[in-house]
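Trainee: I'm new to this one. Can you put it up and take me through some of it?
Mentor: Here it is.

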Amino acid sequence: HSAQRGRMLCAPHVWPDLGGPRVLGTMGILTLVLCGCSGQPASLPWDLPATSSWEHQGGLVFIHTESSLYSLPCSPIEMEVADPTYRWVQDRAAPRLLSVTKEGHLLFQHFQAGDSGKYSCTISYTKHGIPVSQTFHYSIFGYHVLGGLDTVLLFHSKLCEDEWTKRFLWGLQDKLRKLEIEQHCKLQLTATFCFPSLNNPSDEFIIQVHLEVSLFGPHWDEHCNSQDMEMVTDCYRKTVQHNLGQVQLTLTRFFKEHKSFHVTGADNPSINFTNEFVGFLKTEQCSGGYGQTKQLQRCLDCCIVCPPGMFSPPKNGQCSPCPAGTYSLTYGVALCTPCKDGMITRVPGASSVTDCVKKERTKQAVSIVHRIPVLLLIILPALLAINFLFILSSCYWFYQEYQMSSPRASKTTESITRIETVTSFFRIPRQGPQAGTDAGPASDTSHLDTSASQGSDEEHIHGAPSPAVTSNLATVTDETTPVLTLEDRKDTF
């Protein structure tokens, strides 16, 4: 219905006179906008340009890995135009040959992770004698549902040499090819170990073989033909679970029938590799180059291919950016490619070889970023000196304020200074506590000096004057200054 409404808007038969060319031009622009949104070409009553073209974003397209056949139309809506031509283009450095049907559908057979990418389709046709083209852009991603099988095989052998083990593995894989075709699966040899047997370590060895079973073999989805995304995804899940059980039963039956494998050589006529154990482990992990990015809303646990610049090792489950010094060019990379010697990437997640640069250039860029201007080196010492002077002046001001804020301490210091001055001027003797006030006048001048010196020593030793000295000092300071007369001097002689 929207297409019909657009067609009606794009092909009016009557144009009313609404006030001249200005109004008519406005109506023409509005008609072009409406036609561009509806996907229909415009038909205007005046001269048109030589060509008309539109760009459309087709959106995301998800295609399952190893799909037998996937058909992608050029336009997401069916267009009824006469004699259209189609041109598909892939956005990559080395585009591969694309298969396009007469109807303009792009075909994918056995879709691989590397087939993911950006595709564009241009449909060209003629409308009322005017060339018209419309281009649709798509982002195609590969994905797969969860489901797999790991198999462990144990064989007994008389030899544990690499040459004989390789011959045995070649023969084993050759016999398993028929089983792969029948069960629509893939069997990949992942690891091999050889170690002495516990029963007979000197003459018998055990060969341990690991096989990884992928259920996405040739024509694995032949029963899922629906074009509906939700229905086809459910069909894929059921097919994987059904094939999982069938492959396990088939492998068990195969190794019961093929108990022993004979390998012949020039030196030894025949060596047997006898199967003793078959073990299975069901897995639900992503393949290498895929991660659970939750882009596919109808299958949130499905594994989506990792885009360029990202990677995912086998059975990891998450796409991660390529580390610094590596890059990835294509979709579905299990390991990133290292840069050449002497080169490195500036940031993780590089998706091009041009992201690799020389290490010297990177170091130069870093040095430029961290270079300090010369002006800052000149100003910085002056600023430090000013700050140092400010701190010193603050400390001095604080000290002066502290001295003025304690008058009691200053008064005590002044009193002590006055006492010491009087004592030194009159040389008043400082007597110990045992000396009384009745000291006789028989003491001479030399005795006075000695007592004064001893009193001074006692003051330095004990840190405080005795009570007697204190009373004498008080008497001297309170009374008038004594005067020594001639009669007193005669008595002293």
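Trainee: What does His 128 do in the hairpin of β6 and β7?
Mentor: His 128 takes a positive phi near 55 degrees there, and the hairpin has two residues between the strands. Keep in mind that this is a predicted model: local features need pLDDT of at least 70, side-chain atom pairs count only at pLDDT 80 or more, and totals for chains, interfaces and linings use all residues. Residues are numbered from 1 along each chain as its sequence is written, and side-chain values use heavy atoms, with hydrogens and water left out.

Trainee: How many bridges pair β6 with β7?
Mentor: Eleven, in the antiparallel sense, with β7 covering residues 130-144. Strands are DSSP runs of E with at least two residues, helices are runs of H or I with at least four, and both are numbered from the N terminus. Two strands pair if DSSP finds at least two bridges between them.

Trainee: Which residue in β7 is opposite Ser 120?
Mentor: His 137.

Trainee: And which strand do six bridges join to β6?
Mentor: Strand β3, residues 85-90, which runs antiparallel to β6, residues 117-127. Thr 85 stands opposite Ser 124 of β6.

Trainee: Changing topic. How many salt bridges are found in the whole structure?
Mentor: Five. The criterion is a side-chain nitrogen of Lys or Arg within 4 Å of a carboxyl oxygen of Asp or Glu. One of them pairs Lys 186 with Glu 66, at 2.9 Å from N to O.

Trainee: Where do Lys 186 and Glu 66 lie?
Mentor: Lys 186 is in strand β9 (residues 186-196) and Glu 66 is in the loop between β1 (52-64) and β2 (70-72), so the pair ties together parts that are 120 residues apart in sequence.

Trainee: Is Glu 66 buried or exposed?
Mentor: Buried, at 7% relative accessibility. Lys 186 is partly exposed, at 36%. Buried means under 20% relative accessible area, exposed means over 50%, and partly exposed is in between, using a 1.4 Å probe and protein chains only.

Trainee: What does Asp 150 meet in a salt bridge?
Mentor: Lys 315, at 2.7 Å from N to O. Asp 150 belongs to strand β8 (residues 148-157) and Lys 315 to the loop between β15 (310-311) and β16 (320-321), so parts that are 165 residues apart in sequence are tied together. Asp 150 is buried, with a relative accessible area of 17%, whereas Lys 315 is partly exposed at 36%.

Trainee: On to pockets. What volume does the second largest pocket have?
Mentor: About 540 Å³. Work on a 1 Å grid over the protein atoms alone: a pocket is an open set of points with protein on both sides within 12 Å along at least five of seven lines, a cavity is a set where a 1.4 Å probe fits but cannot get out, and lining residues have an atom within 4 Å of a point. Points are joined across faces, edges and corners, and the volume is the space filled by probe spheres set on them.

Trainee: Which residues lie nearest the centre of that pocket?
Mentor: Gln 188, Glu 212, Ser 214, Phe 216 and Ser 287, out of 27 lining residues. The largest share of the lining, four residues, comes from β9.

Trainee: Why does the second largest pocket lie between domain 1 and domain 2?
Mentor: Because domain 1 (52-145) and domain 2 (148-283) both give residues to its lining. The domain bounds come from an automatic or database domain assignment.
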